[in-house]
Amino acid sequence: MAELGTIALWLAVGLGVYGAIGALGGQVRGSPLLSESARRAAYVLPLVLTVAILSLVGAFVGRDFQVAYVARHSSLDMPRIYTWVAFYAGNEGSLLFICLVLSALAALALALAPGETRRTLGWTAAILLTVQTFFLAVTAVMANPFETLPLAPPDGEGINPLLTHVGMFFHPPALMSGLVAAAIPLAFVMGSLIGGKTKDEWLDAARQWGLVSWALLAVGLLLGSWWAYTILGWGGFWFWDPVENAALMPWLALTAFIHSVMVQKRRGMFRMWNIVLINVAFGLALYGMFMNRGGPVPSVHSFGASTLGWVFLVFLVVGVAVPFAVFFCRFPALTSSRSLDSMLSREAAFLVNNLMLLGIAFVTLWGTLYPLLSRLFGGQEITVARPFYDQVNGPLLLGLLFVMGVGPLLPWRKATPQALRRALLLPGLAALGTVALLAGLGMHQGYALAGFGLCALVSAGIAQEWWRDVAERQRALGEGYLRAFWRRTRSNRPRYGGYVVHLAVVMVALGVLGGSLFDRQRDVLLVPGQTAEIGEYQIRYLGTVEQPFGDRTEYVSTVVVQRDGQPLTTLYPWRAFYPSQSMAATRAAIRSTPVEDLYVVPSENRADGAVVFRLVVNPMVWWMWTAGPVLVLGTLVCLWPQRRVVAVRAASPLTAQTGRQSTSG
Amino acid sequence: MPPPPGVFDEAEAQSIDRMLMCPICPGESIDQSQVELAKQMRQRVREMLAQGTTRQQVLDFFVERYGPTVLAAPPKSGLNLLAWVLPVALVAAALAGGFLALRAMRRGNPEPVLDPYLAAVDARLSSSNLAEGQGRPDNNG
């Protein structure tokens, strides 16, 4: 198995090098034959890498401990199902996975490239294949997962217990794919620029692939939070860990990009700014991979020290410097065709949204880097963790919610006072009403009032706009409401898909507000038969059963939950000890409802059967996990191919009167 | 975990827990971490609070023991004030810069140069006797 993998991996390296050089040569010398050949190399790469991945998975499933990487990340005792995904438990396999995903997405992107990008597709292919070659070469030379041991050990070292969780099937692939997919919009933008196409040629391709990368990162981030929530055993879902941050930052930059690019699409503005944004997003994605694959900062994601850090750092510098160099070389040719009509317009709101998003990304980057800077220049060791981000990013996130509420209500170009009143009146009243209601009910935290008020603003704004659009169509065409809704939504997918995603963001915001401002928490020591209270819940601990497995001993506790004396449910939180790793892992038992989560996790098992439980009541966290599917739905609506509207120059009635040529396309 | 003598505010204790890092676990506060040391530190926080110690004194006590890295965020004093002020100042500067850039973009174009056709449409719309709410300027963005 390992030999097959090695052959496939080196074949892939060869194909990558050939493809990159061929694409470059084909473009420079204008040889369509060479270009076509290089493109076919890009199409073959995912197939070859699939063979490599399959042989690695085969080695894991077949317990082939002769392969050093398999021996280091699995064991005979580990749950069988996880042998299928254990291959990305370490650096080597993760890199191979990144190679496969990038090659598959790149092949798809090249095959589906829209007509405007065809002339410069050689440059795009060369860029994508160069990035692929980098990852392939690093994998083959420095982190080869197929290296074999002279003698097969009888058993492997086992997988990190934290990784044997359902999340393992989804979170790492989603995040790695999202990070690496950021290379595709960049390759389209850079390909066009290098090829001298300085208008909007790259726009559709970059927007679509930017959305793909953005959605994958969003899903990965949500899944990671959910995983942390169920397994880390402290009752929270996000703590600004350096590697969490590293995935959040490119997501923020991409969020700015997919918004700002719409301004370019609709109004022909912000072209240079969008190029800067995608460069920044790609740079941050590389930074994310650097942090994940050998970063210098302690994190729960540390997969063991590795020498890969320096290689990634060099690639990061090149990956930021080259795109910016190209940008500056093309600078004079890039001016946008139109300028701003009014500060009160959607264009202006988009720019503010962009600056806020980049601001949050910068604060996050600053927080991650400050300990390093402090050590280098001040000679002082300092920690920057959750309280810093909560205090600095908290207000910025609220500001972002505000822009998200107001921006979509502003018309393009210019808002007249009447239009403004008409758009903002109801959502504004909804926000104020919500604040007044909550304050009347006794809520007094400023953050919470502002947050919920802004959530109401966003939701009411979306409901109002959608309703008005549907009602307009219903009136104009006499269609039924459902039909009008369906047709109207289909007619402008980016807009309505965006609304759906905004609703998902509101749901996440509700979860974050509830879970971080209104959580109640207790640590209690209970002997069997004893009861503890938290909120309205009575938690009665019945006892713990010890279950020995090959690699671990599980201590499954039974707790009966009552609310105000009424029996509610029985929960089975457990804690496992892994002697070979001398590590414990917990699994919280969570009763989740839209109102609140009751979270029970054993944090210490005593010999006499007594258990220390952490009990947490987390209001509204349910909404955050439910937001995931909503977000995916919204993205699909945005991405679903739409029949292209071809602009046709028509003589306007005025052209005839004034005798002047219309200037609008 | 026997309850320490005296009375203290558990919410205050938890908020202090979240401001202290566990010295031996990467990136986790003592509120999060389940290692023995974190448990002892949580216990110590509660004991000190029960004896009437203030939040700042509790933090100082741990800084003296484990060094400044035990604090989850840099203190807002001295050179470390930079950690807090610089990002806020930069974000404010960026927003101000964005505002100026937008104004400059508009100044360069004081009277929106509209296509004559669009201008006529605008004029018709603003003087239209269409029912209020029918002539929305934007419904396709």
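Accessible areas come from the Shrake-Rupley method with a 1.4 Å probe, and for residues only the protein chains shown count as cover.

The model is predicted: local features need pLDDT of at least 70, side-chain atom pairs count only at pLDDT 80 or more, and totals for chains, interfaces and linings use all residues. Residues are numbered from 1 along each chain as its sequence is written, chains are lettered from A and ligands numbered from 1 in the order in which they are written, and side-chain values use heavy atoms, with hydrogens and water left out.

**View 1. Overview of chain B.** Chain B has 5 helices and 0 strands, where helices (H or I, at least four residues) and strands (E, at least two) are DSSP runs numbered from the N terminus. The order of elements from the N terminus is α-α-α-α-α. Of the 141 residues in chain B, 35% are buried; buried means under 20% relative accessible area, exposed over 50%, and partly exposed in between (1.4 Å probe, protein chains only). Among contacts in chain B with a separation of 6 or more, 48% are between residues 24 or more positions apart. A contact here means heavy atoms within 4.5 Å.

**View 2. A nonpolar surface patch on chain B.** Y117(B), L118(B), V121(B) and L125(B) make a nonpolar surface patch of about 300 Å². Patches are made of residues with over 30% relative accessible area and no salt bridge; like charges are joined within 9 Å, and nonpolar side chains (Val, Leu, Ile, Met, Phe, Trp, Tyr) within 5 Å. Y117(B) is located in helix α5 (residues 116-126) of chain B. Its relative accessible area is 36%, so Y117(B) is partly exposed.

**View 3. The interface of chain A and chain B.** The size of an interface is often given as the accessible area lost when the parts come together. Chain A and chain B bury about 5400 Å² between them, with 58% of it on carbon and sulfur atoms; this buried area is the accessible area (1.4 Å probe) that two parts lose on being put together, summed over both. Chain A brings 68 residues to the contact and chain B brings 57 residues. Across the interface there are 14 residue pairs in polar contact (both at pLDDT 80 or more). On the side of chain A that touches chain B, α12 (346-378), α13 (386-406), α14 (417-440) and α15 (446-477) are among the elements that each supply at least two residues, as are β1 (520-526), β9 (596-605), β10 (611-619) and α19 (653-658). The most comes from α12(A), with 11 residues. A polar contact is a pair of N or O atoms within 3.5 Å; within protein, one must be able to donate a hydrogen and the other to accept it, and residues adjacent in sequence count only if both atoms are side-chain atoms.

**View 4. Salt bridges between the chains.** Side chains of opposite charge can pair when their charged atoms come close. A salt bridge is a side-chain nitrogen of Lys or Arg within 4 Å of a carboxyl oxygen of Asp or Glu. The interface of chain A and chain B holds 3 salt bridges. One salt bridge joins R614(A) to D31(B), with the closest N and O atoms 3.5 Å apart. R614(A) and D31(B) also belong to a network of salt bridges with D519(A), D523(A) and R18(B).

**View 5. Salt bridges within chain A.** Over all chains, the count of salt bridges comes to 27. R40(A) and E36(A) form one at 3.2 Å, N to O. Both residues lie in helix α2 (residues 32-61) of chain A, 4 residues apart, about one turn of the helix. R40(A) is exposed because its relative accessible area is 52%, whereas E36(A), at 29%, is partly exposed. E465(A) and R495(A) meet in a salt bridge at 3.6 Å, N to O. This pair links distant parts of the chain, with E465(A) in helix α15 and R495(A) in helix α17 (residues 493-517), 30 residues apart. Both E465(A) and R495(A) are buried.

**View 6. Surroundings of E347(A).** E347(A) lies in helix α12 of chain A. Its relative accessibility is 0%, so E347(A) counts as buried. Leaving aside neighbours within four places in sequence, E347(A) is in contact with residues including V263(A), R267(A), F270(A) and W412(A).
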